[in-house]
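I opened this model to look up its pockets and one of its sheets. My entries follow.

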Amino acid sequence: VLSSELGYPVTNGESYYAPGCTTSSGCVFPNAIISQAAISAPAKALVKYIPPPNTNEVGQPFYETGAHNNVLRDDKGGARIDGSSRAGMLSAYYFIDDYHQQCPYCFVSLPGFDVLNIGRAQMINLSDIKTQSATAVNELRLHYMRFATFTGEPVGGVGPSLSSLGFVTGANTLGIVPIAPQFEGVPNISLNSFSFGVNAYPLAQYNNTYQLLDNYSKVIGTHSIRFGGNIHYDQITQVAYGANNGSYAFDGSETGLDFADFLIGAPVYYEQGQQAPLHSRSRYFGLYAQDSWRVTPSLTLNYGLRWDVSTSWWEEKNQLETIIPGEQSRVFPGAPTGWVFPGDPNVPSTLAPTHYNDFAPRVGLTFSPSRDTGPLHWLLGGSGQSSIRAGY
């Protein structure tokens, strides 16, 4: 390619520049000057987005500016309604948090390629506390929480088509097919000391949690009994735009200088991908029962048991994989031996099994002897109560 562009032979392995090299017979670029003919069409179009250095630190020129603001707006609000009815004490609570950040340097180091980070958190809490008698109360709660974000949405640099910047584009070519036209613009370019271009890796994420809780309390004689349960279903959906329109990196692997590699169009790697949504799901449920037994006026015994079940996360579309040496996948028979997927024998959708034997017992003791009349009167002195607690 260089031989055709420069008009003189360039051999494989030839030095791009060597000290004292002034003719094409000794190096590719005599006098360390890259000919205009060898500069790629995209580099000629993109170089205008690289500002000249304006500061000199430790003998190295850099570009610095404080002219571009990082602006964050965050709005929060909440509302609550309470009311008493035959069904009990009803309560409803709603909270919302909206934020909007325009960030000039979140993903690249040069100005002009700002991104938006936007998000909204919402929570709804409904409760009914019913006093069933002088000794019994039931508490029921419904809870929903949602958190939706879009991180790194390109704003600066969006607009120019890749073809207008000198790239070969289109299907059935050796060039780029822009997969996300809404984000098409100056492609993401990384060099050793700086980067510029449209953010190549926006990420959208949507979290949902649905929760139901119920607690029942009852006093029977000297016993204060309480039991209940909790269940929630969690969703995390991620949509990653992995370099939909391409991303380049130059590190000097070809010529020895990253910027020279950029000029002649010799990246160390090129990345392009398509959206790969990840639908992570999980469930949890737990039950508990406990009793606070006032054995004597000065001695209270607390004991209880909790049972928790938390599933490992699974992918709703079964887009997971694992390794079981020696196993041949039936879901994908062409997969290498040992590479298996949900639906294969002994491979659940969660990959890791769910444990149903997580029990948590508890026991506690509270002893409150009187210092006036009790056996500790002579030892502790004074008047009032002294409390000793122990638990597990």
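I started with the largest pocket, whose volume is about 370 Å³. Its lining has 14 residues; closest to the centre I found Pro-61, Phe-62, Tyr-63, Ser-193 and Phe-194. Strand E2 (residues 60-62) gives the largest share of that lining, three residues. By class I noted nine nonpolar, three polar and two charged residues.

Terms, for my own record. A pocket is an open set of points on a 1 Å grid over the protein atoms alone, where a 1.4 Å probe fits, with protein on both sides within 12 Å along at least five of seven lines; lining residues have an atom within 4 Å of a point. Volume is the space filled by probe spheres set on the points. Strands (at least two residues) and helices (H or I, at least four) are DSSP runs.

The model is predicted: local features need pLDDT of at least 70, side-chain atom pairs 80 or more, while totals for chains, interfaces and linings use all residues. Residues are numbered from 1 along each chain, and side-chain values use heavy atoms, without hydrogens and water.

Next I took the second largest pocket, about 280 Å³. Of its 18 lining residues, Ser-40, Pro-42, Phe-167, Tyr-248 and Gly-265 are closest to the centre. Helix H2 (41-46) gives the most, four residues.

Pairing takes at least two DSSP bridges. E7 (residues 188-190) and E11 (residues 247-249) run parallel, joined by three bridges. Ser-190 stands opposite Ala-249 in E11.

Methods: Ala, Val, Leu, Ile, Met, Phe, Trp, Tyr, Cys and Pro count as nonpolar, Asp, Glu, Lys and Arg as charged, and the others, Gly among them, as polar.
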